[in-house]
Amino acid sequence: MGGIDSEFIGLVREAGPSPGEEATPDKLPDALPVLGLSDIVIFPGNISPLLVDSASSLKLVDDVVAGDRLLCLVLQKREDIADPGPEDLYDVGCVARVQKMLKYPDNTARILVDGLHRVRVGKFTTREPYLRAEVEIIPEAADDSIKSQAIMRNLQSRFQELLKVAPPVGDHIKLASATVTHPGRLADLIAGALNLQLPEKQRLLETPTVADRLRLLTPLLEREIELITLGAKIQDEVTSTLTKSQRDYFLREQIRVIRRELGETDPAQSEWNTLRAEIEKGELPDEIRSVALRELERLASIPPAVAEHTVLRNYLDWLLQLPWNRLTPDQVDLDAAEKLLDREHYGLHRVKDRLLEFLAVMKLNPGSRAPILCLVGPPGVGKTSLGRSLAEALGRKFARISLGGMRDEAEIRGHRRTYVAAMPGRILQALRRAGSRNPVILLDELDKLGSDYRGDPAAALLEVLDPEQNRAFTDHYLEVPFDLSRALFITTANWLDPVPPALRDRLEIIELPSYTLDEKLQIARRHLLPKQLKDHGLRSRDIKLTVPVLRRIVADYTREAGVRQLNREIAGVLRKAARRLASAPAAKKRAAFQVSPESLPTLLGPPRFVEAERSPINQPGIALGLAWTPTGGELLHIEASRMPGSGKLTLTGSLGEVMKESAHAALSFIRSAPAPMGLTAGDHDRFDLHIHVPAGATPKDGPSAGLALCIALASLASGRPVRTDTAVTGEISLRGRVLPVGGIKEKVLAALRSGIRRVILPEANRKDLPEIPPEALEQVQALFVHTVEEALPLALRPK
C-alpha cells in the first residue's frame, strides 16, 4: 500500500463526516487494524490520500469503514514486501481516521486518511485476515518555552519561503502552516509536506519531544530549500539557453527569407554548393566520393549553430584536402644522388652505398615494395639529414614525424569523431602537409616510443609499416581506407633494444658509426663552419679558424659520437668574433679575428676533456675497459683493491646485475687459476676484495666487462700493473674462454678518442674488423685472443 499524488474527484462513497467534523478520540480501542505503508509516512494532523491494492488490505479498509473508521498506519522496513508481517514493520506509527473511500473496477481503492496520534505498536493479537495489534498513544508534552517559540517562528518563515518556489501543494497546507500555533503540530505538518527520505521521516515520527523534533527538522528544511532553489536556478538556465537557441533560429530564418526576397545568395547554401562542386571535380576515389556526398547531405540538414555542423565541415575538409591520387614523379639519377650524398655527408661510405642500391632498385622497378629502412646510430651522426637527402635525391616531398615521448595510440590512428577536438593521426597529417601520396616520411626517434592506458603506438605502427597492410590503412577519424603503400617510410633510432621485436622484424637496419677525429675535422671544415658563419652574419675573411684550432676543439672540448657539441663549440667561438667585429667603429677597417690553439681557453674556457685516461698506471689492480652506450663508445676505468678481511667481495659504482655476475665469474677464475700464469692465489679467506668503477652516479651494465674485470683482479693478485696504452673488451667463462661481444666499432673509436693505442678483443670478433674505419686501424692496434691466458701477457707489464 502506498500514497497517491492527487485528491479524489467524483467520490462514490462517503466514509463519514468530513475532516474536522468529529473530535479526535483521546482513548483508543484495545486493538486496532494495522496497515503497512511502503512509500509514505503519515504524521498526526496530516490528511493524505492512499492507494490500497492487496486483498488483505482491501478487507481491512472495508471493515474499518464499516466500524469506527480507525486504523494504525505503520511504515514497512522494506518497500518490496506485498503482505508485511509484524517483523517487517517499525514499532512507531500513526493512528488515523478514514475520511473518504473510492473503489475502482480494477480491485483497488483510494482512501483519504487523517492522522490523529503517534502510537507505539505493541503485541499483535491477530494475523488473519489482516494484522491487528495493541497500540499505545505516545504522549506529547506541551512546550511553550521561548526557545521553542523562536524555532517555530523561524520554521514558519522558512517554510513560507519554500512554498514560493516549491512545486504546487494543497491550499490547506499553506493555510495551516500560516495559522498553526502549536510547535508540535507545525513540525508534523512540515515533515509531512517535505520531500524527505523515508528513514528521515520515520525518525521524526519516532521523536516524541517537541524540542528535539524541531531541532531535527530545521536542517532538513534548510537542505530542502537549497535543493529546490538550485533546481529552479538550473531550470531557468536551461530554459534561457533553449529560448536563446530558438530566438537565434528564428532570426536566421528571417534573414534567409529576406535575402531570398532581395535576390541574394544564402551563405550556407553557397558554401554547400562550393563543397559539392569540389567533391564532384576533385580527384577522389569513387568510394570516398560517395562518403563525402552522403556527409554533405547530412551537413545541409544541420543548422550552422549546432556543434555537429562544425564537426562535419572539418571532416569534409579533410576528405577534400588529402592527396588521394596525387603522386610526385620520381627523378632517380644515381650519379646526381651520389654527388648529393657526398656533398651533404662526409664519410658514411657503407651507408651511402646502401642508399644508392635502394635508389637503383626503385629506378629499375618503380612498383616494387620498398623496404622500411631504419637508421640506427648515436645522436648527431646525421640520421635525420640522410632521410632528407634521400627525399631530395628522389625528387619527392619530405615530412618528418617525431615519435619521441608519444604514448597515445590515437597519435598514429587518429581520434574518433565522437571526441571533442578530434583529428586524424600524425600519418595523415604529414600526408596532408606534403600534398602527395608518395612522400618520404621520416619517423624520428623510434626507440623513444612509450605506452600507457591509452594504447601502444608501436603496435599501431605495425599496420603503417607493413606493406601487406598499409594499402588500406584506416584512420579512426576518417573511417575510410587510405593507401600508404606508395609512401617511403624511413625510421631512426639511437639503439634497438626498446623497439618491440614485432616492429623490428619489419625494419631493415642500417647502422651509422661514430665519427673519427679526422672525420669530425672534415665535417667541421666542410659543413659546420660555413653554416655557422652564415648564421652569425660573418664572412670567411672575418675570422681565421685554422685546422690546428679545429683539431684542438675536437680533442679538448668534445667527446661524443656525433658532431652536435662540436657545432656548439664552433658557434661559441664565432659569437666572440661577432661581438668584437660588431663593437669596432664603422669607419675603421675590420681586421680578421685571429683564433689560435693557445687562445681557446680564453674563448671557450678550460679544456673539458683532459687526457687523464693516458696518465701512467703505476699501481696494480687498475684496468681500462671499453663499453657501448646509445651515444657511442666509452672508456671504462676499473679499480680493484685488497685489504685484510674474511674473503668478502664488494662491488660499487652503480653496477647492474650482469656486471656483478661478470665480476663474480672473474674472481672465481682468478682463485682457480694455475700457478704457471704467474698468479699467487694466497690465502683468499684472509683478504676482502673491493671492485669499483668510478662515476658511481652513472648506472653501468652489460655483458662486455668480464675480461677487463678479470685483468684488474689478475693485476692485483700478481702485483703487475696494466699497460697504460691498452684497453680490453670481452666476456669470459669460468674456464677462461673469451666470448664475443657487440659494439666493436664504437669501442675502438672510443679508445682512439681517448688516446689508447692497443685494444685486446675476442678472437670471435675478428669478423667485425672490416667495419672499423681504416684510419682508425692505422692508429689503434687490434689484438685478438681466445682465452684469458693469452690476454694477460698482452695486458700486464712484465715483471
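A charge sits over a ring if NZ of Lys or CZ of Arg is within 6 Å of the ring centre and within 35 degrees of the ring normal. With that in hand, Arg-642 lies over the face of Phe-687, 4.9 Å from the ring centre. Arg-110 does something along these lines too: its charged end sits over the ring of Tyr-104, at 4.4 Å from the centre. Keep in mind that this is a predicted model.

Now for rings that meet other rings. A pair of aromatic rings is described by the distance of the centres and the angle of the planes. Searching the whole structure turns up three aromatic pairs, and the table shows two, including one made of Tyr-315 and Tyr-477.

| Pair | Centre distance | Plane angle | Type |
|---|---|---|---|
| Tyr-315 and Tyr-477 | 6.0 Å | 55° | tilted |
| Trp-495 and Trp-628 | 6.3 Å | 50° | tilted |

So where do the tyrosines sit? Tyr-315 is in helix α9 (residues 307-321), while Tyr-477 is in the loop between β12 (473-474) and β13 (481-482). They are 162 residues apart, so the pair links distant parts of the chain. Both Tyr-315 and Tyr-477 are buried.

Trp-495 counts as partly exposed because its relative accessibility is 29%. Trp-628 has 35% relative accessibility, so it counts as partly exposed as well.

How values were computed: Residues numbered from 1 in each chain as written. Predicted model: local features only at pLDDT ≥ 70, side-chain atom pairs only at ≥ 80, totals over all residues. Heavy atoms only, no water. Phe/Tyr/Trp six-rings, centres within 6.5 Å; stacked < 30°, edge-to-face > 60°. Helix = DSSP H or I, 4+ residues; strand = E, 2+ residues; numbered from the N terminus. Buried < 20%, exposed > 50% of the residue type's maximum accessible area, 1.4 Å probe, protein only.
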